[in-house]
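Please read it alongside the sequence and coordinates.

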Amino acid sequence: MTRLTFGVSAILAGGALAACIAFGLQMQSAAAKPAPSAAAAAQVAPQVPGAGKAAELASAVQIEPDALAKILQGSKGEKPVVLHVGFKNFYAQAHIPGSDYAGPGSTPEGLELLRQRVSSLQRKQLIVLYCGCCPWDKCPNAKPAYESLHAMGFTNVKVMHITDNFGANWMNAGLPTDKAQ
């Protein structure tokens with residue numbers, strides 16, 4: 001069991017590192033290019049505001065992994081809707097039991113999947129978003145997903161604060177995990 005946990009953690013960490021490197025290279029490449037003209041900028045695919053800015057989320061909207069685990073394991077009260085807003089390959093490898101995949105918050109397509117997933121929910125429903133692809137201050141998905149739900153009128157949205165990545169801060173903490181077989 002320990003080897004499996006280590007193996008899954010290593011895969012998640014490697015994948016997180018690859019995603020962060022790809023995101024960083026994309027940002028570095030974009031920064032190195034000269035600014036496009038206004039006409040050219042209008043033809044470029046829309047950028048998702050807030051990508052890579054999870055650290056800017058107010059502490060009041062953050063929930064720590066152990067606090068979420070206690071809520072999910074508790075027998076009292078209504079359970080939150082837990083949505084993974086990261087990359088599908090990470091969700092497929094390991095995720096919070098009962099959570100749903102809702103698309104990466106860093107892409108317009110992912111945000112559309114998220115909006116579709118929550119469209120039937122009450123605006124006061126507790127929704128917890130999580131990603132875990134990379135360190136919190138580099139996460140491209142959490143803040144855009146939060147802002148999208150907030151713009152839709154959801155008033156009880158939390159984002160799980162994952163300092164390093166899902167493997168390190170959820171799985172290695174011994175919290176319940178559904179893993180790929």
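The largest nonpolar core has 26 residues, of which Leu83, Leu114, Val118, Ile127, Leu129 and Leu149 touch the most other members. A nonpolar core is a set of buried Ala, Val, Leu, Ile, Met, Phe, Trp, Tyr and Cys residues joined through side-chain atoms within 4.5 Å; buried denotes under 20% relative accessible area with a 1.4 Å probe, protein chains only. The model is predicted: local features need pLDDT of at least 70, side-chain atom pairs count only at pLDDT 80 or more, and totals for chains, interfaces and linings use all residues. Residues are numbered from 1 along each chain as its sequence is written, and side-chain values use heavy atoms, with hydrogens and water left out.

- Another core, of 15 residues, lies apart from it and includes Ile63, Val82, Phe166 and Leu175.

**Surroundings of Leu83**
- Leaving aside residues up to four places away in sequence, Leu83 touches Asp100, Ala102, Leu114, Arg117, Val118, Ile127, Val128, Leu129 and Tyr130; contact means heavy atoms within 4.5 Å.

**Chain-level description**
- Seven helices and seven strands are present in the protein chain, assigned as DSSP runs (helices H or I, at least four residues; strands E, at least two) and numbered from the N terminus.
- Along the sequence, the pattern is α-α-β-α-β-α-β-β-α-β-α-β-α-β.
- Of the 181 residues in the protein chain, 40% are buried.
- Among contacts between residues at least 6 apart in sequence, 75% join residues at least 24 apart.

Notes. Buried means under 20% relative accessible area, exposed over 50%, partly exposed in between (1.4 Å probe, protein chains only).
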